[in-house]
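User: I would like to go through a structure with you. Could you take my questions one at a time?

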Amino acid sequence: MWSLITQIFPYAVAFTIPLLITSLGGLFSERSGIVNIGLEGLMIIGMFTGALTISVLEIAMPGAAIWVGLLAAFIAGALFAMLHAFACITLNANQVISGIAVNMVAGALTTYLARNITGSGNILIIHGLVRKDVPVLSALPVIGRLVFTQTYATTWLVLFLVVLSTFTLYKTKFGLRLRACGEHPHAADSAGINVHLVRYLAVMISGAFAGLGGATVIVTYSGEFNGTAAGLGFLALAALIFGQWKPLGILGATFFFGFASTVANVSQAIPALAKISGIYLKTFPYIVTLIALVLSSKSSQAPKALGEPYDKGKR
Amino acid sequence: MEYVIEMLNIRKEFPGVVACDDITLQLRKGEILALLGENGAGKSTLMSILFGLYQPDSGVIRLKGKEVRISNPNVANALGIGMVHQHFKLVHNFTITENIILGSETTRGLVVDTRSAARRIRELSARYGLNVDPDARVADVSVGMQQRVEILKMLYRDAEILIFDEPTAVLTPQEVQELMKILRGLIYEGKSVILITHKLKEIKAVADRCTVIRRGRLIATVDVETTSGEKLAEMMVGRKVTFQVDKKAKKPGEAILELDNLSVRGPGGVAGLKNFTLEVRCGEIVGIAGVDGNGQKELVEAVIGLRKADSGRILLKGNDVKDLPVRGRIARGMAFIPDDRHKYGLILDYSLEYNLILKDYYRTPFSRKGLLDHKAIRRHAVRVIEEFDVRAGQGAAATVRSLSGGNQQKTIVGREIDANPDLLIAVQPTRGLDVGAIEYIHRRLLEQRDNGKAVLLISLELDEILKISDRIAVINNGELVGVVRAAETDENEVGLMMTGIKRGAVS
């Protein structure tokens, strides 16, 4: 059992991290009052930008190319998310429909560009990130083996961003104002806060994080852009709700998804799990989520003004 | 006399209407100035101009003699003008401290410094007798406390001129008393207050002077002390207002509604109504007096069928209706004017004509073979609108949201009374309405009684209960304290009974 867990763990973590950072991005957007179901599309933008940047640069500057690619994905995500922000905030459009549009445009646009660039629609990178043991800490009993062995540098970057985001949301001026915009934008406005500006920033942060999430997939376990995020963005959105719009909740929810999905993926290779039909393992995380959402729906912590365009005149 | 703020010859036009026409308002330092006017008279527009939400088309604003331009609420705040809005602007899941500092946070490094802010809020709260706990969550405190948080928000920003927009509309009588005390305390500390209201009693209680406006025009600014309430009302409405309703003596007939040992559980399973026994006979109005939250809600909901009664009987014309659904009770002659007209009374985005058939849409003539008959619906609406004097820009097709509060309420009253019910249950029927509309609704309720129907009136306004009821049942903590005849009692006695002190019941 122990060896099974130690085998699965690094894969589970690798699968969790892109979900976590994307979901965290969604948290910023939704706590400011803007529904962002465009996370999937924003991930695709990140994947495309990351893969393209790295494939161009990796001959000239091996090693550094990966980090430049991640940064490029981060920026591209933020810029692309401005489309969503413009539609939802400036034009008061329906946020769900705008999100769907982002998803459709992102998938189509990147595939089109990739075909023109490589001819196949796929963009391959030669070198991804290398797994490394964390010095000293990897020697710790139990924890060292599970958490600090064979890790990607992006894992630590994302975990750092989780801590930073939690601090920003709950301790800083910006965080207080952002949360106020999501709960009661009129209250924020009457306190002299520029609701539109705060929401723009929040949506851009969500785009940046989702872009980073997409590029993280490329540099860790996938290595290739192929025009889809395979539903990871939607999974991140589900984790956001499952985690009740709280950073720690999201951490728990994404790790649960990551671990359960990894178990399902590797089950055929592991005798103890091969006996269970794959369909049960594969549907398990989704069914648990459905049940959890039903049970928690009565005490939902969703931001009060989520999905409502801010209209000064309406009281 | 020094004025802290002067609004001189203010004019504001909106497409099609002149909201403010040459209005002048001057506030002295350390006074409470009441701004009196009916709904839609232009009070809110005028104050929105002062608070920077609108720009006047002409006229000037002077602060301590110096002309200022208030281009947005932030400028108003910076000039020391603060406003307590009628609908509070508080974030429900923030603490009181977080709500107060929002927008003008002090920080230590990057971290918002809530601790020193809380200390300052505690000091302010003690100085003005506000009794606010800065660490409590807004969602957990009473409406009265939330209002005090709004007051603290202004004090925290060192506001000198405080505008209160209809502050008592949402308060219980006790909280109103409390607020009056707070207002006097603010004046004592050197602040100046503008009180927007249409309640004469409150003006008489606290205001020094009163500026009356009607249909966008200034009528006069008068000393409250030397002006009678009748005079103020006349200035506001533009005609003589009868405060005394014309209530003929009438002998009630047989019982329409009998409540027999009724017990109802409130939210969370606690006993809301305990062994309540009461009868309402035809040709009488029975008023239920009590402080908010003492079982009135449970009583009403059990009688109309929105909440299940645990034990006891509800007899309507002698038949037990306890297990009937709402529709069954309506069909047997009940009608209901709810206190929250937006939540229970109307569908705001439906047209007036649809709102008028919400309870009858499935019956002929409105529905034939499962299809709505729009001609019949329109005919019905036109008749009810005419009969109940509902004023709507586009007539029967107007969406109810676009109507004023008074006309929304008339829509409900029209729908309910037009059904010709044997028992009319009216809960806070005049909440938030102006004098003219209140007078109208009272007259309609009395008409029901005079036509030999029964009316059960539940209100938090003791004046209203005393004025139009024949008998008054006082409720405290879910129990019937006693029943008194309106003609033989007064505010003091009923007020005392509302606190739970019994008196020999007359019936």
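Predicted model: local features only at pLDDT ≥ 70, side-chain atom pairs only at ≥ 80, totals over all residues.

User: How many helices and strands does chain A have?

Analyst: Chain A contains 13 helices and two strands.

User: What is its radius of gyration, and how does that fit a compact globule?

Analyst: The radius of gyration of chain A is 20 Å. A compact globule of 315 residues would have a value near 20 Å, so chain A agrees with that expectation. Along its principal axes, the C-alpha trace of chain A spans about 60 × 45 × 40 Å.

User: And how much of chain A is buried?

Analyst: Buried residues account for 46% of the 315 residues in chain A. As for the contacts in chain A with a separation of 6 or more, 77% of them are between residues 24 or more positions apart.

User: Let us turn to helix 7 of chain A. At what angle does it pack with helix 9 of chain A?

Analyst: Helix 7 of chain A (residues 173-183) and helix 9 of chain A (residues 195-222) pack at an angle of about 105°, and their axes are 10 Å apart. Angles of 65 to 115 degrees count as roughly perpendicular, and the two helices are therefore roughly perpendicular to each other.

User: Which residues make that contact?

Analyst: Helix 7 of chain A contributes A:Arg177, A:Leu178 and A:Cys181, while helix 9 of chain A contributes A:Val195, A:Val198, A:Arg199 and A:Ala202. By class, five of these residues are nonpolar, none is polar and two are charged.

User: Now the contact between the chains. How many residues does each chain give?

Analyst: Chain A gives 17 residues and chain B gives 17 residues.

User: Which elements of chain A give two or more residues there?

Analyst: On the side of chain A that touches chain B, those elements are helix 7 and helix 8 (185-190) of chain A. Helix 7 of chain A gives the most, with five residues.

User: One last topic, in chain B. How do strand 23 and strand 24 of chain B run, and how many bridges join them?

Analyst: Strand 23 of chain B (residues 471-476) and strand 24 of chain B (residues 479-485) run antiparallel and are joined by six bridges. B:Ile475 stands opposite B:Leu480 of strand 24 of chain B.

User: What happens between those two strands?

Analyst: The hairpin has two residues between the strands, and B:Asn477 takes a positive phi near 50° in this hairpin.

Notes. Residues numbered from 1 in each chain as written. Chains lettered and ligands numbered in written order. Axes fitted to C-alpha atoms, helices over the stretch in contact; angles between N-to-C directions. Helix = DSSP H or I, 4+ residues; strand = E, 2+ residues; numbered from the N terminus. Parallel < 35°, antiparallel > 145°, perpendicular 65-115°, else oblique. Contact = placed C-beta atoms within 7 Å. Nonpolar A, V, L, I, M, F, W, Y, C, P; charged D, E, K, R; others polar. Rg over C-alpha atoms; globule rule 2.2 N^0.38 Å. Buried ≥ 20, exposed ≤ 12 C-beta atoms within 10 Å, placed from the backbone. Pairing = 2+ DSSP bridges.
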